[in-house]
Amino acid sequence: MREWVIGAAQLGAIQKSDSREAVVGRMIALLDQAAAKGCDLVVYPELALTTFFPRWYMEDQAEVDTWFEREMPNAATQPLFDRAREHEIAISFGYAELTPEGRHFNTSILTDRQGHIVGKYRKVHLPGHVEYDTERDFQHLEKRYFEPGDLGFETFDNEDTLMGMCICNDRRWPETWRVMGLQGVELVMLGYNTPSINSQNRGEGLEKRLYHSELSVTAGAYQNATWAVAVAKAGVEDGFPLMGGSIIVDPDGFVVARTETESDELVTATCDMDRCQFGKQTIFDFARHRRVEHYGRITSQTGVKR
Ligand code: ING
């Protein structure tokens, strides 16, 4: 399929006390809206099933593990997969994954339009910190609760469209986009939970954060001639504000759809995957233009060496 009607299904706040079943009900309502608008694919946020729990410092691993899913689909999410199959809509959403081996990942999955999982991604770039940080206005403990993803940045052929995923902070790193671009990706889907304020710099306003998010996604899309869908979990969770700003971006880097609220909100766009071809065959024809003999630092160095 080369033309997809894509829905960005932004979720508003999920409170610590909200059940997964209640959230899945909200996701299904968005899915029904998407079906009414003829969507073929719906993208949900990062950690879509629960509140953004890495804001809470926990020492008891049993408590931490209550925020994780041990299998997918599972009892809480099966109704979502069933409804998606009924509507023949592919879905992508993020959740906290606890593997049978006991490993913890910030994960997202992609299904085909029959509800089969065709792709999985585990967040590579984990922001934040491991120990309680007294200097911060609030905690961001992703490095405490998750391991860096071990699957890399893979792409998945979904009905003849090459799709890829990343998650939240990943969008800020050009390497994320380029590794998928080098596979010919045509659609990059990502969810995010981005605090509206900087826990280390109260002065940093919402406008700056929205700008940096949009800059990262539009640049990634343009520089790799791919469509991109970035979907927020937004709103105030137990007093902690998360920003909205969900967008659908075309292969020229233009925003073609954008949410206006910080609540559950669906925006859609008709995305012709063949619009990626011009960029991939001209200005970003990587085979013709890249000079890898000069790019060594990108993989040989982690930090800066003056
Ligand atoms: N959240 C934020 C994000 O990358 C962040 C963390 C915000 C890092 C702003 C740097 C600047 O959007 C997650 N969950 O990665």
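This briefing describes strands, a ligand site and several single residues in one protein structure. The model is predicted. Strand β4 is largely enclosed by the rest of the structure, because 8 of its 8 residues are buried. An open sheet of 6 strands is also present, and 13 residues surround the ligand.

- Strand β4 covers residues 104-111.
- His104, Asn106, Ser108 and Leu110 point one way from β4, while Phe105, Thr107, Ile109 and Thr111 point the other way. Residues on both of these sides are buried.
- Strand β3, residues 90-98, runs antiparallel to β4, and 7 bridges join the two.
- One of the paired positions is glutamate 97, whose bridge partner in β4 is phenylalanine 105.
- β3 and β4 form a hairpin with 5 residues between them. In this turn, glycine 102 has a positive phi of about 90°.
- β4 also pairs with strand β5, residues 117-122, in the antiparallel sense over 5 bridges.
- Isoleucine 109 has lysine 120 in β5 as its bridge partner.
- The hairpin of β4 and β5 has 5 residues between the strands. Glycine 115 in this hairpin takes a positive phi near 85°.

**The ligand site**

- Among the 13 residues that surround the ligand, the closest are Glu142, Cys168, Asn169, Arg172 and Thr194.
- By class, this shell has 6 charged, 4 polar and 3 nonpolar residues.
- A nitrogen atom of the ligand is 2.8 Å from an N or O atom in the side chain of glutamate 142.
- A polar backbone atom of asparagine 193 lies 3.1 Å from a nitrogen atom of the ligand.
- An oxygen atom of the ligand is 2.7 Å from a polar side-chain atom of threonine 194.
- On its own the ligand has 360 Å² of accessible area, and the protein covers 83% of this.

**The open sheet of 6 strands**

- The strand order in this sheet is β6-β7-β8-β9-β12-β13, and the pairing is mixed.
- β6 (155-158) and β13 (255-258) stand at the edges. Each has a single partner strand, so one side of each is left without a neighbour in the sheet.
- From one strand to the next, the twist averages 20°.
- β6 pairs with strand β7, residues 161-167, in the antiparallel sense over 4 bridges.
- Within this pair, the bridge partner of asparagine 158 is threonine 161 in β7.

**Strand β1 and its partners**

- Strand β1 (residues 3-10) is mostly covered, with 7 of its 8 residues buried.
- β1 pairs with strand β14, residues 265-272, in the antiparallel sense over 8 bridges. Glutamate 3 has aspartate 272 in β14 as its bridge partner.
- β1 pairs with β2 in the parallel sense over 3 bridges. Here alanine 8 stands opposite valine 43 in β2.

**Residues in loops**

- Arginine 55 is found in the loop between β2 (41-43) and α2 (61-65). The relative accessibility of arginine 55 is 6%, so the residue counts as buried, the cut-off being under 20%.
- The side chain of arginine 55 makes a polar contact of 3.1 Å with the side chain of threonine 51.
- Proline 73 is in the loop between α2 and α3 (78-87). The peptide bond from methionine 72 to proline 73 is cis, with omega near 0°.
- Glycine 205 is in the loop between β8 (187-192) and α6 (206-223). Its relative accessible area is 24%, so glycine 205 is partly exposed.
- Glycine 205 and threonine 218 are 13 residues apart in sequence, and their C-alpha atoms are 20 Å apart in space.

- Alanine 225 has a positive phi of about 45° although it is not a glycine. Alanine 225 lies in the loop between α6 and β9 (227-232) and is buried, with a relative accessible area of 2%.
- Aspartate 238 also has a positive phi, near 50°. Aspartate 238 is found in the loop between β10 (235-237) and β11 (240-242), and at 34% relative accessibility it counts as partly exposed.

Note on methods. Residues numbered from 1 in each chain as written. Predicted model: local features only at pLDDT ≥ 70, side-chain atom pairs only at ≥ 80, totals over all residues. Heavy atoms only, no water. Buried < 20%, exposed > 50% of the residue type's maximum accessible area, 1.4 Å probe, protein only. Pairing = 2+ DSSP bridges. Near = heavy atom within 4 Å. Polar contact = N/O pair within 3.5 Å; in protein donor to acceptor, adjacent residues only side chain to side chain. Areas by Shrake-Rupley, 256 points an atom, 1.4 Å probe, with all protein chains shown as cover. Nonpolar A, V, L, I, M, F, W, Y, C, P; charged D, E, K, R; others polar. Axes fitted to C-alpha atoms, helices over the stretch in contact; angles between N-to-C directions.
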